[in-house]
Amino acid sequence: MNKEIVDDKTMKRTLTRITYEIIEKNKGNQNLVLIGIKTRGAYLAKRIKSRLYQLEDIDVPQFDLDVTNFRDDNPVEKQAENPQFKAVDVNGKHIVLVDDVLYTGRTIRAALDAIMSIGRPSKISLAVLVDRGHRELPIRADYVGKNIPTSHKETIKVSMAEIDDEDKIEILAN
């Protein structure tokens with residue numbers, strides 16, 4: 001049974017709130033770089049970039065990151081290349097890492113490894129649309145759209161208009 005918990009209007013408000021929190025904590029800092037974890041985190045990062053520009057006239061660099069080759073559950077022979085990301089200058093930058101759902105923390109750990117493999121940022125913050133709990137690693141988001149407690153038997157499904165033709169968040173019972 002699927003239960004919709006966030007509709008398109010609520011998602012837009014949530015992203016606007018996250019954007020305002022980023023603005024407030026960084027006081028319009030031009031040293032920001034948004035890095036969205038593929039797939040939905042990349043689209044969220046693009047939306048945050050757009051809202052930053054609309055609200056504060058700040059144009060921050062934004063990049064997509066595929067963490068496949070940094071995951072601890074990925075065999076080396078299946079690792080994907082990420083050549084566009086290797087060209088990103090993260091040295092001395094404040095990175096805002098963006099993802100759709102924070103669950104065990106393993107995807108974020110892989111993203112941190114990827115970022116650190118190309119340079120040394122001054123700071124890395126984490127923005128997530130949904131924090132569902134059940135962490136396996138000591139990782140905490142700095143910007144959270146929605147805290148949605150779930151059981152291990154449930155799944156959070158984030159749909160985005162760019163690839164799913166609609167914006168919504170659902171809980172799926174397995």
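R17 has a relative accessibility of 33% and therefore counts as partly exposed, a class that lies between buried, under 20% relative accessible area, and exposed, over 50%, as judged with a 1.4 Å probe on protein chains only. The model that holds this residue is predicted, so that local features need pLDDT of at least 70 and side-chain atom pairs count only at pLDDT 80 or more, while totals for chains, interfaces and linings use all residues. Residues are numbered from 1 along each chain as its sequence is written, and side-chain values use heavy atoms, with hydrogens and water left out.

R17 forms a salt bridge with E21, and the closest N and O atoms of the two are 3.3 Å apart; the term stands for a side-chain nitrogen of Lys or Arg within 4 Å of a carboxyl oxygen of Asp or Glu. Both R17 and E21 belong to helix α1, where they lie four residues apart, about one turn of the helix. Helices (H or I, at least four residues) and strands (E, at least two) are DSSP runs, numbered from the N terminus. E21, at 24% relative accessibility, also counts as partly exposed. By the rule given above, the count comes to 13 salt bridges.

Another of these bridges is formed by the side chains of D167 and R47, which meet at 2.9 Å, N to O. Because D167 lies in the loop between α5 and β8 and R47 in helix α2, the pair ties together parts that are 120 residues apart in sequence. D167 counts as buried, at 18% relative accessibility. A further salt bridge joins D131 to R135, with the closest N and O atoms 2.9 Å apart; D131 counts as buried at 12% relative accessibility, whereas R135 counts as partly exposed at 28%. Elsewhere, salt bridges that share partners join R47, E162 and D167 into one network.

Helix α2, which contains R47, covers residues 40-56, and its 17 residues should span 24 Å at 1.5 Å a residue, which agrees with the 24 Å between its end C-alpha atoms; the expected span is 1.5 Å times one less than the number of residues. The buried residues of α2 are G41, A42, L44, A45, R47, I48 and L52. These buried residues pack against α1 (8-26), β2 (32-37), β3 (62-65), β4 (94-102), β5 (123-131) and α5 (161-164), where contact means heavy atoms within 4.5 Å.

The backbone on either side of this helix deserves a look. A cis peptide bond, with omega about 10°, joins K38 and T39, and T39 lies in the loop between β2 and α2. After α2 comes D57, whose phi is positive, near 60°; D57 counts as exposed, at 55% relative accessibility. H134 has a positive phi of about 70° although it is not a glycine, and it is found in the loop between β5 and β6 (143-147).

Strand β8 (residues 168-173) is largely enclosed by the rest of the structure, because five of its six residues are buried. It pairs in the antiparallel sense with strand β1 (residues 2-6) over four bridges, two strands being paired if DSSP finds at least two bridges between them. In this pairing N2 stands opposite L172 in β8. Strand β7 (residues 154-159) also pairs with β8 in the antiparallel sense, over six bridges, and V158 stands opposite I169.
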